Amino acid sequence: MAVKKTVKPVGVEGEETSVRGRILAAAFSAFTERGFAETSTLEIATRARASKRELYALFGSKQDMLVACISERARRLTMPADLPALADRDTLRQALIAFGAQLLRETSDPAVVAVFRLAIAEAIRAPEVARMLEEIGIETSRSALRELMRRARAAKLVDGEVAEMSDQFAGLLWGNRMLGLLLATAERPTPREITRRAEAASEAFLRAYPMPDQSLGSSSR
């Protein structure tokens, strides 16, 4: 007797993806407009034109929806896949510029800025928002930058502590621009400005952190 195969109806997977996307878009807009604590799952379901049953089937809780919203944006804060191999100071400069430009471009995206504003607004009523942003979003970019610094140090292209070098480069890259974005007193940097800031930060960083032999030579004078 032949075994009858169970065939998944055509379009089911696409429909689920569509519902998931609508729920996440609705959740994100509701969170940023009303705040995480004030947003109900019923409102999210209504905005998404979905049932609460679908909502809980795809996401176990409102917190899970928030994690998904932050995670989708955090994926863009990883190290660029096409970074050059760190063979010398010039390729390190290219890598720093590429990483810096991507970090500025993605972090200054209005949706990402909205997540930061949400975490600040909910710091008292819903501190889990800031905790999730720190663990999922900020730590993603921080880890990627530290990995780049580890590679540079392993290749003996810079001399310094990984965490310190990472913080220094991030500071040179951003200055006080993020504060301006959060307060809506500054515009998102243009592509040209992003490139200029990434190049300037990379040049300043390389001047501050010479190669190990250069560092030893200067300290012995």
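Helix 8 (residues 162–174) packs against helix 10 (residues 191–208) in this predicted model, at an angle of about 140° and with the axes 8 Å apart. That makes helix 8 oblique to helix 10, where angles under 35 degrees count as roughly parallel, over 145 as roughly antiparallel, 65 to 115 as roughly perpendicular and the rest as oblique. The crossing of the two helices is right-handed. Helix 8 contributes M165, F169, L172, L173 and W174 to the contact, and helix 10 contributes R197, A198, A201, S202, A204 and F205; contact means heavy atoms within 4.5 Å. By class, these residues are nine nonpolar, one polar and one charged.

Residues are numbered from 1 along each chain as its sequence is written. As the model is predicted, local features need pLDDT of at least 70 and side-chain atom pairs count only at pLDDT 80 or more, while totals for chains, interfaces and linings use all residues, and side-chain values use heavy atoms, with hydrogens and water left out.

Two cavities of 30 Å³ or more are found in a search of the whole structure; a cavity is a set of points on a 1 Å grid over the protein atoms alone where a 1.4 Å probe fits but cannot get out, and lining residues have an atom within 4 Å of a point. The largest cavity has a volume of about 60 Å³. Its lining consists of 10 residues, with I70, R73, V112, V115 and L133 nearest the centre. At least two lining residues come from each of helix 4 (62–74), helix 6 (110–121) and helix 7 (128–154). The lining of the largest cavity has eight nonpolar, one polar and one charged residues.

Note on methods
Axes are lines fitted to C-alpha atoms, for helices over the stretch in contact, and angles run from 0 to 180 degrees between N-to-C directions. Helices (H or I, at least four residues) and strands (E, at least two) are DSSP runs, numbered from the N terminus. A crossing is left-handed if the near helix is turned anticlockwise from the far one by less than a right angle, and right-handed if clockwise. Ala, Val, Leu, Ile, Met, Phe, Trp, Tyr, Cys and Pro count as nonpolar, Asp, Glu, Lys and Arg as charged, and the others, Gly among them, as polar. On a 1 Å grid over the protein atoms alone, a cavity is a set of points where a 1.4 Å probe fits but cannot get out, and a pocket is an open set with protein on both sides within 12 Å along at least five of seven lines; lining residues have an atom within 4 Å of a point. Grid points are joined across faces, edges and corners, and a volume is the space filled by probe spheres set on the points.
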